[in-house]
Every structure is written in structure tokens, then in C-alpha cells.
Amino acid sequence: QVQLVESGGGLVQPGGSLNLSCVASGSVFGIERLGWFRRAPGKERKFVSRIIRLEGSTSYSDSVKDRFTVSWDHSKNTMYLQMNNLTPEDTAVYYCTAQVYASSWNTWGQGTRVTVSS
């Protein structure tokens, strides 16, 4: 079993930056991939980014590519999402997720809220 806890959300002005964290605990060795999804107000949850834990290869949605960077710190069992040049369209609850002994996203954090507004 794996537990995921996100942090780092908050209020930021357009053009600003935030760095989200997701700490994994429990059977971390069972995690193949970790990812970030987000749910904007009144919309469905959507894929943002993912990283393969051991290889480090990454993938991004077109809407965040070249602005967001996902990374994994093995020493801290923590995934990060560095978000730059934020726009109001990035306003959402951001969720950390993992594929644990599975090929589907079967473990989720509680979410952290990001609001981009002047």
C-alpha cells in the first residue's frame, strides 16, 4: 500500500511560479509511474504530467509543456511539479497519483489547490 500527500498549492499572480510536492510512503518500491492530474472548477479531472520512477522519463499535456517540469527525488521519495509562467487557466486542484503494481492510476492523494489570479 502506498500513501501520497501533496503540498505547495496556493494563490499566485499570473506569470508567477509554484512548486508542488508529493511525498510517497509505504510500499514505494511498488510504484512504476507517478503523475499529476488537475481538476479545474466545473470541469473533469485531466492529465498534466507523469514520470517513470526508475527511468526518469517524463510526459506532459500540451497545455503545460515547456512551462511545467516534473521530477522525482529518490532520496526523499518525493515527486515535484515545478510550474512556471502560470495563467488563470492553470487554476485547479492538483492531484498526485501513482501506478502501484498496476498499469492504471490506482492510488491518489487528497489534492492541493492552485489559484492563479491578480
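## Basis

Residues are numbered from 1 along each chain as its sequence is written, and side-chain values use heavy atoms, with hydrogens and water left out. Because the model is predicted, local features need pLDDT of at least 70 and side-chain atom pairs count only at pLDDT 80 or more, while totals for chains, interfaces and linings use all residues.

## Salt bridges

The structure holds three salt bridges (a side-chain nitrogen of Lys or Arg within 4 Å of a carboxyl oxygen of Asp or Glu). One pairs Glu32 with Arg33 at 3.0 Å, N to O. Glu32 is partly exposed at 41% relative accessible area. Arg33 is partly exposed too, at 24%. (Buried means under 20% relative accessible area, exposed over 50%, partly exposed in between, with a 1.4 Å probe and protein chains only.)

Arg38 and Asp90 meet at 2.9 Å, N to O. Arg38 lies in strand 4 (residues 31-39) and Asp90 in the loop between strand 8 (78-83) and strand 9 (92-100), so this pair ties together parts 52 residues apart in sequence. (Strands are DSSP runs of E, at least two residues, numbered from the N terminus.) Asp90 also bridges to Arg67, at 2.8 Å, N to O. Arg67 sits in the loop between strand 6 (58-60) and strand 7 (68-73), so this second pair links parts 23 residues apart in sequence. Asp90 and Arg67 are both buried. Shared partners join Arg38, Arg67 and Asp90 into one network. Arg38 is buried as well.

## Nonpolar core

The largest nonpolar core has 29 residues (buried Ala, Val, Leu, Ile, Met, Phe, Trp, Tyr and Cys joined through side-chain atoms within 4.5 Å). Ile31, Trp36, Phe68, Met79, Leu81, Met83 and Tyr94 touch the most other members. Strand 9 gives the most to this core, with five residues.

Leu81 has contacts (heavy atoms within 4.5 Å) with residues including Leu18, Leu20, Trp36, Val48, Phe68 and Tyr94, not counting residues up to four places away in sequence.

## Largest pocket

The largest pocket holds about 250 Å³. (A pocket is an open set of points on a 1 Å grid over the protein atoms alone, where a 1.4 Å probe fits, with protein on both sides within 12 Å along at least five of seven lines; lining residues have an atom within 4 Å of a point. Volume is the space filled by probe spheres set on the points.)

The lining includes Arg38, Phe47, Val48 and Glu89. Strand 5 (residues 45-52) gives the most to this lining, with three residues.

Conventions
Helix = DSSP H or I, 4+ residues; strand = E, 2+ residues; numbered from the N terminus.
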